[in-house]
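Student: I would like to learn how to read salt bridges in a model. Where do we begin?

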Amino acid sequence: MNTYYTYMLASRPYGTLYIGVTNGLVRRVDEHRAGTGSKFTQKHKVHQLVWYQAFADVNDAIQREKTMKDWPRQWKINLIERDNPYWIDLYLSLPGARTRSSS
């Protein structure tokens, strides 16, 4: 059974935000960090994983992404701060994540 993720990246606390959906969270964040994830994240240096949610159904993950993209910015910030009040980069807490030195 696959797991799908809706996730938010930030350039820094309260900085530029990016919302995406993927079936491989570590791989996708690696792509963003390498500058191949999207032109937007490359241009704005949006590389810190600050929030994510797992789903069993891809349609649920996609719907969550679409809904969140329509939210006011403050709602997105509130969601991040509810689960990650210090805007810690959650990437290294993921199983299989690589440290910067081994990238």
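Tutor: Begin with the criterion. A salt bridge is a side-chain nitrogen of Lys or Arg within 4 Å of a carboxyl oxygen of Asp or Glu. Keep in mind that this is a predicted model.

Student: What is the general idea behind such pairs?

Tutor: Side chains of opposite charge can pair when their charged atoms come close.

Student: How many salt bridges does the structure hold?

Tutor: Five. One of them joins the side chains of Glu65 and Lys69, at 3.2 Å from N to O.

Student: Where do Glu65 and Lys69 lie, and how many residues apart are they?

Tutor: Both are in helix H3, with a spacing of four residues. That is about one turn of the helix. Helix H3 itself covers residues 58-70.

Student: Now accessibility. Is Glu65 buried or exposed?

Tutor: Apply the cut-off: buried means under 20% relative accessible area. Glu65 has 12%, so Glu65 is buried.

Student: Which residues does Glu65 contact, leaving aside its neighbours within four places in sequence?

Tutor: Thr6, Ile19, Gly20 and Val21. So read Glu65 in two ways: it is buried at 12%, and its side chain meets that of Lys69 in a salt bridge.

Student: Which residue forms a salt bridge with Arg27 at 3.3 Å?

Tutor: Glu31; the 3.3 Å runs from N to O between the two side chains. Arg27 and Glu31 sit four residues apart in helix H1 (residues 25-34), so about one helical turn separates them.

Student: What are the accessibilities of Arg27 and Glu31?

Tutor: Arg27 is partly exposed, at 40% relative accessibility. Glu31 is also partly exposed, at 24%.

Student: Which residues are linked with Arg27 and Glu31 in a network of salt bridges?

Tutor: Arg28 joins them. Read Arg27, Arg28 and Glu31 together, as one network of salt bridges.

Student: Let us take one more pair. Which residue forms a salt bridge with Arg82?

Tutor: Asp83, with the closest N and O atoms 3.2 Å apart. Check accessibility again. Exposed means over 50%. Arg82 is at 61%, so Arg82 counts as exposed. Asp83, at 46%, is partly exposed.

Definitions and conventions:
Residues are numbered from 1 along each chain as its sequence is written. This is a predicted model: local features need pLDDT of at least 70, side-chain atom pairs count only at pLDDT 80 or more; totals for chains, interfaces and linings use all residues. Side-chain values use heavy atoms; hydrogens and water are left out. Helices (H or I, at least four residues) and strands (E, at least two) are DSSP runs, numbered from the N terminus. Buried means under 20% relative accessible area, exposed over 50%, partly exposed in between (1.4 Å probe, protein chains only). Contact means heavy atoms within 4.5 Å.
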